[in-house]
Protein chains: 2
Amino acid sequence: MIVDISTDVGAAVRELREVLGTKVHTDVPTRASRAHDRSHHDWSIPEAVVSCTTTEDVSCALAVCFRHGVAVVPIGAGTGLEGGANSSGGNVCIDLSPMNRILHLGVADLDATVQAGVMKSALNAAAAPHGLCFPAGPGVDASFGGMASTRASGTNAVAYGTMRANVLGLTVVLADGTVVTTGGLARKSSAGYDLTALFVGSEGTLGIITEVSVRLYGIPATTATAVVPFPTLGAAVSSVSAAIAAGVPLSRIELMDDVMVGAMNSYSDLSLKEAPTLLVEFEGGPASVAEHVDRFEAIASGRGALGYEFAADPRRRDELWQARHDALPAAAALRPGSSTWSTDVCVPISRLADCIEETQADIAAEGVLAPIAGHVGDGNFHLAFVVDTEVTAEREAAQAVNERLVRRAVAMGGTCTGEHGIGTGKRAALRLEHGEGVRVMEAIKAALDPRQLLNPGKVL
Amino acid sequence: MIVDISTDVGAAVRELREVLGTKVHTDVPTRASRAHDRSHHDWSIPEAVVSCTTTEDVSCALAVCFRHGVAVVPIGAGTGLEGGANSSGGNVCIDLSPMNRILHLGVADLDATVQAGVMKSALNAAAAPHGLCFPAGPGVDASFGGMASTRASGTNAVAYGTMRANVLGLTVVLADGTVVTTGGLARKSSAGYDLTALFVGSEGTLGIITEVSVRLYGIPATTATAVVPFPTLGAAVSSVSAAIAAGVPLSRIELMDDVMVGAMNSYSDLSLKEAPTLLVEFEGGPASVAEHVDRFEAIASGRGALGYEFAADPRRRDELWQARHDALPAAAALRPGSSTWSTDVCVPISRLADCIEETQADIAAEGVLAPIAGHVGDGNFHLAFVVDTEVTAEREAAQAVNERLVRRAVAMGGTCTGEHGIGTGKRAALRLEHGEGVRVMEAIKAALDPRQLLNPGKVL
């Protein structure tokens with residue numbers, strides 16, 4: 001069903017200007033500034049940037065580009081890590097960052113509807129006076145369109161789920177400019193195909209998400225953090241498994257290896273023991289939190305924990321979590337002048353300790369610097385490669401470690417990316433992981449974007 | 001892309017016999033017994049039933065039917081309520097109920113992989129000795145293939161989510177017999193399109209689910225139940241909203257109207273107050289449960305609760321929950337000789353009291369008998385029409401109430417079905433609810449089943 005049509009980007013840009021006026025930018029600084037995410041992957045500047053403020057803008061822009069056979073690449077906050085928002089040249093960039101309005105805040109229903117460019121921090125600021133929050137998503141601030149498009153998660157997915165669980169409905173613009181709404185504000189539905197889940201994680205290749213409805217949660221009455229160093233990675237991971245199986249509710253369970261703890265100590269002026277360490281958070285009523293802190297301490301000490309710092313003081317808690325969220329710059333600071341690039345995989349938790357230990361051995365053998373931090377309750381972990389990307393040998397060494405990491409994770413029954421997405425960086429990994437399933441994805445792509453104009457070269 | 005081919009069901013059945021031997025049944029009693037679910041919707045007997053025990057059987061059967069242009073209709077336990085597993089004649093029935101093997105029980109990872117015909121009770125029996133359970137799914141025992149196919153949920157979706165949240169991966173046989181695996185055993189993934197979520201809830205119209213990987217949970221240390229009657233539906237519902245917003249974790253929150261409480265009293269020999277009543281369950285450690293029971297009692301009494309029976313005794317708890325699960329026969333017993341048919345909708349919780357009260361008024365005006373019970377934490381509720389289906393006027397009155405119920409729920413921002421699915425019964429409702437979105441569903445259907453052989457006439 002691929003229809004050959006002539007591509008005329010010049011004509012498309014002229015028509016976009018006629019219809020959308022000053023929202024269309026062709027100056028090089030704007031085009032360059034919206035051409036790429038935070039990854040190390042290749043990009044080229046787009047022919048034009050359309051600064052959209054409404055779903056109608058996006059619809060209009062896509063209709064024009066469709067008629068002229070011009071590819072479109074959406075971008076929001078640009079915080080992606082696998083090149084999913086990178087322009088490749090010859091395309092029009094659909095800039096969703098001006099779509100920054102909160103359209104609905106449902107205090108009674110614990111839900112909200114936001115435009116795609118709204119940042120997580122902005123929704124949390126609006127929800128906090130009502131005692132509500134949106135806890136899901138990455139440590140870095142990011143836009144709702146981007147978080148939905150990459151099926152993002154972060155430190156508290158173990159308690160609140162990923163964007164898969166937290167998106168109730170979407171407004172999506174299809175390749176030809178048609179606007180579709182999916183899902184709704186009901187908490188659950190068995191009405192037909194789950195289009196919401198299909199578009200979440202599709203990285204703009206099936207349609208461009210312009211509005212996102214999400215769940216909100218009550219801000220917990222009590223929050224406490226524990227820092228627990230262990231003699232081995234295995235002891236740390238098995239403590240987490242045991243706590244989950246015992247039904248001890250943990251709202252965040254972060255694991256740092258000794259190298260990452262060292263980086264955090266230097267960068268954030270901490271004096272944590274440089275050992276595999278869990279940073280655990282508990283939430284709830286005061287009696288519940290006290291009960292869960294005690295139960296977790298018993299489990300951890302039974303597995304040889306080297307200490308148990310219980311941080312109830314909000315300042316100390318913030319200090320610890322800020323240090324965790326600063327893990328990437330902390331890693332970069334280990335080697336001034338270098339760049340970091342971050343990769344992630346996710347494995348069944350029973351394989352997590354093995355997967356990390358084999359990866360640490362590979363890192364040592366290859367001679368690269370790559371501290372590890374992970375969302376251990378999900379089996380998800382990150383390597384932060386600290387490399388001089390100008391040095392080919394370093395880049396290649398990191399790439400080789402990354403490829404072996406992906407193979408190892410998939411062989412252990414896991415996935416090539418837990419939360420970063422496929423973008424341009426992990427397309428081969430997707431085929432390794434999903435085999436025949438990729439043909440089903442291709443059939444869906446061909447059905448919804450027969451001219452291959454939506455974010456081409458991403459995911460598939 | 002619809003390909004015209006001749007349909008030769010006789011030749012297909014002969015070839016199925018050659019390849020699958022005694023697994024192919026053509027006797028009328030078997031064909032009739034596997035021709036329909038528990039709904040009141042129309043059905044006709046299939047030309048043959050293939051009793052499948054492996055994914056390969058299903059693949060082989062679908063490949064034969066594909067070549068001969070013969071439609072296939074999958075069925076498992078047959079507990080559906082919207083005709084999703086009903087044969088329409090001229091088709092081959094794919095019986096998945098013999099696929100009853102538990103393939104993997106992941107005690108360390110809290111996961112399991114089962115064949116599609118495994119019943120929820122069977123997995124729970126196998127998991128219990130390890131301290132684990134599968135809490136999701138309906139009150140009635142059902143098969144995993146059916147629960148996944150209809151995106152089922154039940155009383156504790158508010159705490160554990162629906163099948164959408166609990167299915168980690170699938171094995172699916174496509175229209176031409178190709179076998180695809182989706183998802184995996186990682187707890188989360190951003191790797192490509194979420195095919196798992198697409199097949200969950202697609203009711204066998206995009207592929208036939210043969211294996212299901214699901215999350216398991218630790219059996220809670222402590223469980224307690226409270227029975228709380230209220231002066232009005234609104235007071236009951238607002239107590240639930242307030243508790244959720246305050247972060248009081250409730251593992252089940254059931255609402256019965258006064259008519260349903262009366263039916264349960266008679267059928268299950270209880271003496272509950274005949275008022276709008278919540279049946280609430282709390283889980284966790286002993287201190288947490290005690291804290292949550294107290295917090296909920298304070299919220300309920302602040303809204304005028306007429307009583308607060310706290311049932312910690314397991315026998316009393318079982319008695320209450322069994323009565324709730326027997327709501328449908330209890331409703332039927334209100335009028336001996338009648339049939340019940342059950343419908344469900346789901347609305348944002350802020351609209352739930354209005355939606356139920358308007359529906360009660362409509363029931364009264366139409367003069368039908370239809371007690372109401374619901375999973376109030378999700379905004380999901382059921383009407384159990386108690387009708388003599390031989391009497392056209394009664395059937396039509398129930399249908400009219402049902403149609404108005406669907407319109408009311410959709411107008412309130414809700415969905416035409418929270419957990420029963422579309423089947424044959426709610427196809428018009430799907431179009432009312434999703435509009436342009438149905439065209440996207442049709443495009444996906446055409447891409448994956450161009451000959452329209454998979455469970456035709458269902459969903460779309």
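Student: Is Gln452(B) exposed, partly exposed or buried?

Tutor: This is a predicted model. In it, Gln452(B) counts as partly exposed, because 17 C-beta neighbours lie inside 10 Å; the partly exposed class falls between 12 or fewer for exposed and 20 or more for buried.

Student: Where in chain B does Gln452(B) lie?

Tutor: Gln452(B) is in the segment after α17 of chain B. Its phi is near 55 degrees, which is a positive value in a residue other than glycine.

Student: And what about the phi of Asp269(A)?

Tutor: Asp269(A) is not a glycine, yet it has a positive phi of about 55 degrees. Asp269(A) sits in the loop between α10 (258-268) and β14 (277-284) of chain A. It counts as exposed because it has 9 C-beta neighbours inside 10 Å.

Student: Let us turn to the contact. How many residues does each chain give?

Tutor: Chain A gives 78 residues and chain B gives 78 residues.

Student: Which element of chain B gives the most to the side that touches chain A?

Tutor: That is α17(B), with nine residues. Other elements supply at least two residues each, including α9 (233-245) and α14 (349-366) of chain B. By class, this side of chain B has 35 nonpolar, 31 polar and twelve charged residues.

Student: One last topic: where is Glu390(B) found?

Tutor: Glu390(B) is in the loop between β18 (380-387) and α15 (392-411) of chain B. With 10 C-beta neighbours inside 10 Å, Glu390(B) counts as exposed. Glu390(B) and Ser338(B) are 52 residues apart in sequence, and their C-alpha atoms are 9.3 Å apart in space.

Note on methods
Residues numbered from 1 in each chain as written. Chains lettered and ligands numbered in written order. Predicted model: local features only at pLDDT ≥ 70, side-chain atom pairs only at ≥ 80, totals over all residues. Contact = placed C-beta atoms within 7 Å. Helix = DSSP H or I, 4+ residues; strand = E, 2+ residues; numbered from the N terminus. Nonpolar A, V, L, I, M, F, W, Y, C, P; charged D, E, K, R; others polar.
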